[in-house]
Protein chains: 2
Amino acid sequence: MFDTLHTFLSSRIVLTDALWEQIMTQFSPRLLRRGQFLLRAGEVCTSVAFVSRGCLRLFSTDPKGDEHNLQFAIDNWWISDRDSFISGRPSRYSIEALEDSELLLADRESARNLRALSGDLEREGVRMINRARAALERRVEWMLSMSGEERYLQMVDRYPDIVQRVSQRHIASYLGITPESLSRIRRSLAGRGHRP
Amino acid sequence: MFDTLHTFLSSRIVLTDALWEQIMTQFSPRLLRRGQFLLRAGEVCTSVAFVSRGCLRLFSTDPKGDEHNLQFAIDNWWISDRDSFISGRPSRYSIEALEDSELLLADRESARNLRALSGDLEREGVRMINRARAALERRVEWMLSMSGEERYLQMVDRYPDIVQRVSQRHIASYLGITPESLSRIRRSLAGRGHRP
DNA sequence: CGTTTGCTTGAATTCTGTCAAAGCAGGTGG
DNA sequence: CCACCTGCTTTGACAGAATTCAAGCAAACG
């Protein structure tokens, strides 16, 4: 369960055995069954989670009760409501496991300890935030400039593994269209000779 | 021209005269007339800009030639294509002055120097990235869950000064709707007794 | 084996974009 | 000072796209 995190980190920073020993102590393993929640809207997000195996979604629930997927996380991704995690304020989001999942959790103090452990680790943290920001920026750009069909093709291109694992209604919610529309888009694409 | 930056910084970090002296040396002033560009798509973004006075927009141009506003920046805001700035790769975005503007520019080396100058300053840099990320996240949430009218009301509520200063077609582009739609939305709101 | 869940499909509706035209500034030059 | 030009906003008519509502179907699950 810690193996995947070790592999993940060693591809980005210089990871000595001594450093790894210390890093491990800061994470606590957690199993989540499909349908269980890591975070519910209104609670404070007290951890960042590394997904060593499984699939989760982060979503908001609007006043009408409709849910909107803001992020998916599969093996080797991180997931958390960073705003709530940093500020300590209640979260507007929920995090739910879409498959049975193995997580490694770090709370606020662990995160602080990790940053203090090595400059490499701290810089990697900043890079992670920047990647998250860049991904959101791209997504806003897509929403502004592309049709639902184009956004779907972008998503298949960029996140094929997620499109494969996650149900269509969740993909539709992520794209900002209805499941019916996504179904029609896929039929239309198939008719024009697109790989399923 | 440096006054606004001094005010800005002193409200967020402990700003001694000595530190301020050093900070000033890292920024170079730049005047931009309305319509001039700080960055053109395809160029590398070599600076982050603090807007001491004026108004700018960051936008992308899609294959059809349509422009999409991703960000506005007025007095006391920062603007830049951080991806290009960090990676050194050509930018997909352009930055244009919507009014005559006074900027303070820091290039890559200056940014590095600034981070090295004080831990406070470095932490403030991370906070800035996080605020940018949080703003984008909110915006994605809006795009997923709200109609054009609701997004417009959110924008009026959250960025009244920008809505006031920027032309409607640019607001419309930011919201992801056509200028015609925004015009109709405003008429409809006025009819239902909304402050102009 | 019956129930549930998710996907598909159809028809009606609502909304938004498109195109074209006219009105309304603000700025420029005669 | 006025006439003109240019860019922005408004408006109307229309076409097109996506949502909604409703129903059917298939695979998965207890």
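1. Which strands of chain A does helix α4 lie across, and at about what angle to β8(A) does it run? Helix α4 (residues 108–117) of chain A lies across β3 (47–53) and β8 of chain A, and it runs at about 75° to β8(A). For that angle, axes are lines fitted to C-alpha atoms, for helices over the stretch in contact, and angles run from 0 to 180 degrees between N-to-C directions. Helices (H or I, at least four residues) and strands (E, at least two) are DSSP runs, numbered from the N terminus.

2. Before going further, please keep in mind that this is a predicted model, in which local features need pLDDT of at least 70 and side-chain atom pairs count only at pLDDT 80 or more, while totals for chains, interfaces and linings use all residues. Residues are numbered from 1 along each chain as its sequence is written, and chains are lettered from A and ligands numbered from 1 in the order in which they are written.

3. Chain A as a whole has 9 helices and 8 strands. Its radius of gyration (taken over C-alpha atoms) is 18 Å, close to the 16 Å that the globule rule (2.2 Å times the number of residues to the power 0.38) gives for 196 residues, so chain A is as compact as a globular protein of that length. The C-alpha trace of chain A spans about 55 × 35 × 30 Å along its principal axes. Of the contacts in chain A with a separation of 6 or more, 70% are between residues 24 or more positions apart, where two residues are in contact if their C-beta atoms, placed from the backbone, lie within 7 Å.

4. The open sheet of chain A has 4 strands in the order β1-β8-β3-β6, and the pairing is antiparallel; two strands pair if DSSP finds at least two bridges between them. The edge strands, each pairing on one side only, are β1 (28–32) and β6 (78–79) of chain A. Strand β1(A) is joined by 5 bridges to β8 (residues 101–107) of chain A, and Leu31(A) has Glu102(A) as its bridge partner in β8(A). Between β3(A) and β8(A) there are 6 bridges, and here Ala49(A) has Leu105(A) as its bridge partner in β8(A). On the β6(A) side, β3(A) pairs over 2 bridges, with Trp78(A) as the bridge partner of Phe50(A).

5. In chain B, strand β7 (residues 93–97) is mostly covered, with 5 of its 5 residues buried. Tyr93(B), Ile95(B) and Ala97(B) point one way from β7(B), whereas Ser94(B) and Glu96(B) point the other way. In a regular strand the side chains alternate between the two faces of the sheet. Strand β2 (residues 37–39) of chain B runs antiparallel to β7(B) and is joined to it by 2 bridges, with Phe37(B) opposite Glu96(B). Strand β4 (residues 55–61) of chain B is also antiparallel to β7(B), over 5 bridges, and Phe59(B) has Ser94(B) as its bridge partner.

6. The contact between the chains takes 22 residues from chain B and 23 residues from chain A. On the side of chain B that touches chain A, α5(B) gives the most, with 14 residues.

7. Finally, 15 residues surround DNA strand C, the closest being Ser167(A), Gln168(A), Arg169(A), Ser183(A) and Ser181(B); a residue is near a strand if its C-beta atom, placed from the backbone, lies within 6 Å of it. Helix α9(A) gives the most to this surface, with 6 residues. Around DNA strand D there are 15 residues, and the largest share of that surface, 6 residues, comes from α9(B).

Notes: Buried ≥ 20, exposed ≤ 12 C-beta atoms within 10 Å, placed from the backbone.
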